[in-house]
Amino acid sequence: MIGRHRAALFATSTMTGFGIASWITRTPAVRDELGASIEGMGVVLLGLSIGSMIGILAAGVLVRRLGTRPLIVLGGALPVTGMLLVALLAPAQLAVGVWAGLFLIGFGSGVAEIGLNVEAAAVERQLSRPVVPVLHACFSLGTVLGGAAGIALTAVRTPVLVHLLVATVVMAALAAFAAGNLRPVPRAEPAPSAATAPAPRLGAVLTVQVLLIAAITLAMAFAEGAASDWLPLLMTNDHGAPEAVGSLVFTGFALAMFIGRSAGTPLVARFGRARVIRVCAAVGAVGVLLVVVSPNPVLTAAAAGVWGLGIALGFPLAVSAAGDHPTDGDRRVSVVATAGYVAFLAGPPALGFLGEHLGLQPAMLVPAALLVIALLAAPATRSRAQSDVPGRTLPTAAPAPD
């Protein structure tokens, strides 16, 4: 059963990435459908940001009270409903309805992301092999597929209604598959002497190690959010590239992250989390710095690929490290994942403020500096079960029945 459960987690993550990318590629067309000004479209886009932030902040409490399954099911159903609202109400020029649809997409995705990371870390503890990186690779895969489909359908002038209805059907199929196969793994029972003890307070969970791991997720998520939100605009504003080129660079960045998350898992087993995170942070920082100094769009596009490849494994490996605890893994994962997703959402607007005054390229020095901090904090992610020594592989559990 655990194989089907793991597939359900991957399906939900793929659905989230596919839905977000489908929306991003049609943002200009939705703006035209609504006849909205830049300021008006900014208000509409707040629905996604507000929904995501509320969902992420609420998930930490909900996952402790309800468990992961209700959050993941809700995180599948709400984005499907939200995408349907956007598809139907954008052509009807109902901006309030589009805002509500985006709010549902954001809230559902935010709740699901915390639930998914908590559950994937639990599966990883049971199987003793990487699961969280694959979960994030599925999100990147969904982003690449949604972005590629969006670019293709935009190129042939597919109406927003048709495109987003197709996206809704795909998302609904993945969400239904996930809901039917979710079987959360059992958690470790507390010691008999602690059975009646109260649950540890949040302050007890916020150890120095957890705070350092949270700093890594914050840095990696900030760098990912900066690229997702600003790379296309940086291409058009700073290099005068066409809009299509900006979209292609974003899709290339997402593809690089997918490759890094898919191909990097054996490196974790070979060299350990801490060493891989160090290299990831260093490569990501180099990619960001190349974007900052790039004199032309070709070098910027190549640097964006290095940026994506570098940060690909940082967030999922930090989540894995947080979950590497015999009894309190769920709370630790919830804390560090929340820090990461808040940075993912709040970081890009802050960069926009800096970019307005300094330019987008100089503003990208901020994620580069945060990646250096992640490099320095990497030793906090060493496994409890083994030291990060080259040649030591993760213990392999006996295969669980499907």
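## Close-up views of a predicted model

**View 1. Leu88 on helix 4.** Leu88 is partly exposed at a relative accessible area of 45% (buried means under 20%, exposed over 50%, and partly exposed in between, with a 1.4 Å probe and protein chains only). This residue belongs to helix 4; helices are DSSP runs of H or I with at least four residues, strands are E runs of at least two, and both are numbered from the N terminus. The model is predicted, so local features need pLDDT of at least 70 and side-chain atom pairs count only at pLDDT 80 or more, while totals for chains, interfaces and linings use all residues. Residues are numbered from 1 along each chain as its sequence is written, and side-chain values use heavy atoms, with hydrogens and water left out.

**View 2. The nonpolar surface patch.** Helix 4 (68–89) and helix 7 each supply at least two residues, and helix 7 gives the largest share, four.

**View 3. Val170 on helix 7.** Val170 lies in helix 7 (residues 160–181) and is partly exposed, with a relative accessible area of 32%. Its C-alpha is 7.9 Å from that of Met15, 155 residues away in sequence.

**View 4. The largest nonpolar core.** This core has 85 residues, and Leu9, Met220, Trp307, Ile311 and Met364 have the most contacts inside it. A nonpolar core is a set of buried Ala, Val, Leu, Ile, Met, Phe, Trp, Tyr and Cys residues joined through side-chain atoms within 4.5 Å. Helix 9 (residues 208–239) contributes the most, 15 residues. A second, separate core of 21 residues includes Val30, Ala90, Leu102 and Leu164.

View 5. Beyond neighbours within four places in sequence, Trp307 is in contact (heavy atoms within 4.5 Å) with residues including Ala223, Phe253, Gly284, Val288 and Met364. Leu371, in helix 17 (residues 365–377), is buried at 0% relative accessibility.
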